[in-house]
Amino acid sequence: GDPTQGSFSPYRSGGYSVEFDGTDDGLQMHSQGIANFGTSDFTAECWFNSDDIGNYRNIMGTRVNSGDNTAWSLAIDATGKIYVYSNAFIVSSATSAVAPNTWYYVSYSRDGANHRLHLGTSTVSQVATATTVRDYTADNFVIGRHANTGSEYFNGKIKDVRITKGSSRYSASSYTAPTSPLISDSNTTLLESIISTKINIS
């Protein structure tokens, strides 16, 4: 789609998002070295717009099963809270749930020992922080569902997924959602708006 909203939209005119039907859609990029961060700093981020709230929905991640602490998932729970899971709930949105049919920007980053989850719109933001030791070696990156289990399918739109290895782009406690299209740099392993051969639709 080419969404617009109020005075600000995450999409410039002519931009496009990827729409997921909540049933069997996913963008799979296994064994591409995209999100196997090890113990280094990183950032995983995107715009998303969920069509519904009431079910667990996976936005992106590498997690295959609940007991794997070498993988991670960034997702929405059944109450609309955003969370990161890796054999435990690592960090979750602290104060408010997301609303359906609304664009949000989310980022999960690690800066040293600190895991940070930022959630924002053009006017509202919140930050949650946790300290958990994880060595993310799994190389099973998927957008819109779990890595291999075919569950928790995302229902809605996702745009501008950017994965950064070796750098925590949002390490400060304050956070402002981007107001222009994301760009790639030397630490970027994926920028969804310029994906070509790395992606398999399943």
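**Figure 1. The overall fold of the predicted model.** This model is predicted, and its pattern along the sequence reads β-β-β-β-β-β-β-β-β-β-β-β-β-β. The secondary structure comprises zero helices and 14 strands. Of the 202 residues in the protein, 51% are buried. Among contacts between residues at least 6 apart in sequence, 69% join residues at least 24 apart. The accessible surface amounts to about 8300 Å², and 45% of this surface belongs to carbon and sulfur atoms.

**Figure 2. Confidence along the chain.** The mean pLDDT of the protein is 82, and 79% of the residues reach at least 70. Confidence is highest in strand 4 (residues 57-61), with a mean of 95, and lowest in strand 14 (residues 200-201), with a mean of 44. Two segments are shown in close-up. Over residues 1-8, pLDDT stays under 50, and the model has 15 contacts beyond four places in sequence for this segment. Over residues 194-202, pLDDT likewise stays under 50, and the model has 20 such contacts beyond four places in sequence. Where pLDDT is low, predicted coordinates should not be read in detail.

**Figure 3. The largest nonpolar core.** This core contains 35 residues, among which Phe48, Met60, Trp72, Leu74, Phe141 and Ile163 touch the most other members. Strand 3 (residues 42-50) supplies the largest share of the core, namely four residues. A second, separate core has seven residues, including Trp103, Ala177, Leu182 and Leu191.

**Figure 4. The surroundings of Trp72.** Trp72 is one of the residues that touch the most other members of the largest nonpolar core. Beyond its neighbours within four places in sequence, Trp72 is in contact with several residues, among them Ala35, Phe37, Ala44, Met60, Tyr85, Tyr108, Tyr136 and Phe141. The contacts of Trp72 also include Gly61, Thr62, Arg63 and Ser86.

**Figure 5. The surroundings of Tyr83.** Tyr83 belongs to strand 6 (residues 82-85). Because its relative accessible area is 4%, under the 20% cut-off, Tyr83 counts as buried. Not counting residues up to four places away in sequence, Tyr83 touches Tyr56, Ser73, Leu74, Ala75, Ile76, Asp77, Phe89, Val91, Ser92, Leu117 and Glu152. One of these, Leu74, is also a member of the largest nonpolar core. Ala128 lies 45 residues from Tyr83 along the chain, and the C-alpha atoms of the two residues are separated by 9.7 Å.

Notes: Residues are numbered from 1 along each chain as its sequence is written. This is a predicted model: local features need pLDDT of at least 70, side-chain atom pairs count only at pLDDT 80 or more; totals for chains, interfaces and linings use all residues. Side-chain values use heavy atoms; hydrogens and water are left out. Helices (H or I, at least four residues) and strands (E, at least two) are DSSP runs, numbered from the N terminus. Buried means under 20% relative accessible area, exposed over 50%, partly exposed in between (1.4 Å probe, protein chains only). Contact means heavy atoms within 4.5 Å. pLDDT is the predictor's confidence in each residue, from 0 to 100. Accessible areas come from the Shrake-Rupley method with a 1.4 Å probe; for residues, only the protein chains shown count as cover. A nonpolar core is a set of buried Ala, Val, Leu, Ile, Met, Phe, Trp, Tyr and Cys residues joined through side-chain atoms within 4.5 Å.
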